[in-house]
Amino acid sequence: MTTTVGSRCGAELTDHANKLTYRAAALNTGPMAWVRSAGLRGVRAVVEQLGGDADALARRANAPDGALDDDELMVRDSTIATILESAARELHCPDFGLRVALEQDLSMLGPLAVALQNAPTAADALEYTAKYLFVHARSLSVRLVPDPRGSRAVVGVRYGYPDGVQAPPQSIDMGLLFLHRALIYLFDGNYGLRTVEIPHRPVAPRRRYEELFGTQVHWQQPAAVLRVPKDLPQRTIEGGDRTTRLLALSYLDSQTPAAGSAIAGRVKAALQQSLGTGPTTIAAVADLLAISPRSLQRHLAAEGKSFATVLDDVRRERASTLLTESNLPLAQIASTIGLQNPATLSRYARRWWGTTARNVRRETTGTTP
């Protein structure tokens, strides 16, 4: 590490960085889950501002190719934690997570952001977040909790992982500041933040946190919480559009497992994301859902399903769409749905529709592949 890179963070930050002992791979983060790579938005910009090599950092953390530039890849939350912690240490920049949060905006939440921007009130926005945040990050939650300091005029907005999971500090810093900035955006300015509760010790100078949050910060608390006025949930979010909101919620509902079919719906959603881009074995999907393969099989059986039948359904639906709505060659369609070649695709097509894949395309589009 050169003196130049360290100086860009400031001498005081460098002193704090040298004291960092967190190494994400060794932290008690509990069962790993998956996050949209949008959670890494801003990492490249900050690393390059500090003179570092963002791609090398991502490779060492085993991030998938393109994760720093593509919002829609699935990345382990442990990988994101490793990137943030390693960058803070290697670039001598202990406020790295905070800096990344300053590069992020609400749009990184995709369709959930649209729903939030068009929510009638803060209570609705929090309800949407609680219900649909899994679309962005499957292990994270944002919810209202009683004020951790016992004030009747205050409620807490709790951010983070399930109780008992010790999250890395850079991840918490980044996520909590992002939440604070999102609330500022939704309410067009000051939303009445009282104090901030952070579960770890300060890894950057205390005044850096207080400068960015604009209020007092309490350290080594039970959970990451923004303490806000009790009436905040009832406040109106101006400028929303009902039609846009309903469209966004409809899409988010389509990503939510149906009632009475929770595991099968989650497996289907996972396979839809993995088909053509990653492994579609039961072990891979079980890992994605943070459940053992045996437990996954048992839950599917209880719902009258099997992994093979769910995978077959997903393949059939994707094949139907690609055959009737695209001009992709049959070989590419076969590969996209995880089959070896066009002959295998046609065998599947005969079972699904009683005819070959070539005939399906010809009959529906009037063209010959």
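**Ground rules**

I number residues from 1 along each chain as its sequence is written. Because the model is predicted, local features need pLDDT of at least 70 and side-chain atom pairs count only at pLDDT 80 or more, while totals for chains, interfaces and linings use all residues, and side-chain values use heavy atoms, without hydrogens and water.

**Entry 1: the whole chain**

I started with the secondary structure and found 18 helices and seven strands. Both are DSSP runs numbered from the N terminus (helices H or I, at least four residues; strands E, at least two). Of the 369 residues, 51% are buried, meaning under 20% relative accessible area with a 1.4 Å probe, protein chains only. I then looked at contacts (heavy atoms within 4.5 Å). Among those between residues at least 6 apart in sequence, 69% join residues at least 24 apart.

**Entry 2: the cavity**

I found two cavities of 30 Å³ or more. A cavity here is a set of points on a 1 Å grid over the protein atoms alone where a 1.4 Å probe fits but cannot get out, and its lining residues have an atom within 4 Å of a point.

At least two lining residues each come from α5 (77-90), α8 (122-132) and α9 (169-186).

**Entry 3: the neighbours of α9**

I checked α5 next: its axis comes within 8 Å of that of α9, and the two cross at roughly 100°. Axes are lines fitted to C-alpha atoms over the stretch in contact, with angles from 0 to 180 degrees between N-to-C directions. The pair is therefore roughly perpendicular (65 to 115 degrees). Ala 81, Leu 84, Glu 85 and Ala 88 of α5 meet Pro 169, Gln 170, Ser 171 and Met 174 of α9.

Helix α10 (residues 206-213) packs on α9 at about 25°, with the axes 10 Å apart, so I call them roughly parallel (under 35 degrees). Asp 173, Leu 176, Leu 177 and His 180 of α9 touch Tyr 209, Leu 212 and Phe 213 of α10.

Notes. On a 1 Å grid over the protein atoms alone, a cavity is a set of points where a 1.4 Å probe fits but cannot get out, and a pocket is an open set with protein on both sides within 12 Å along at least five of seven lines; lining residues have an atom within 4 Å of a point. Grid points are joined across faces, edges and corners, and a volume is the space filled by probe spheres set on the points. Angles under 35 degrees count as roughly parallel, over 145 as roughly antiparallel, 65 to 115 as roughly perpendicular and the rest as oblique. Buried means under 20% relative accessible area, exposed over 50%, partly exposed in between (1.4 Å probe, protein chains only).
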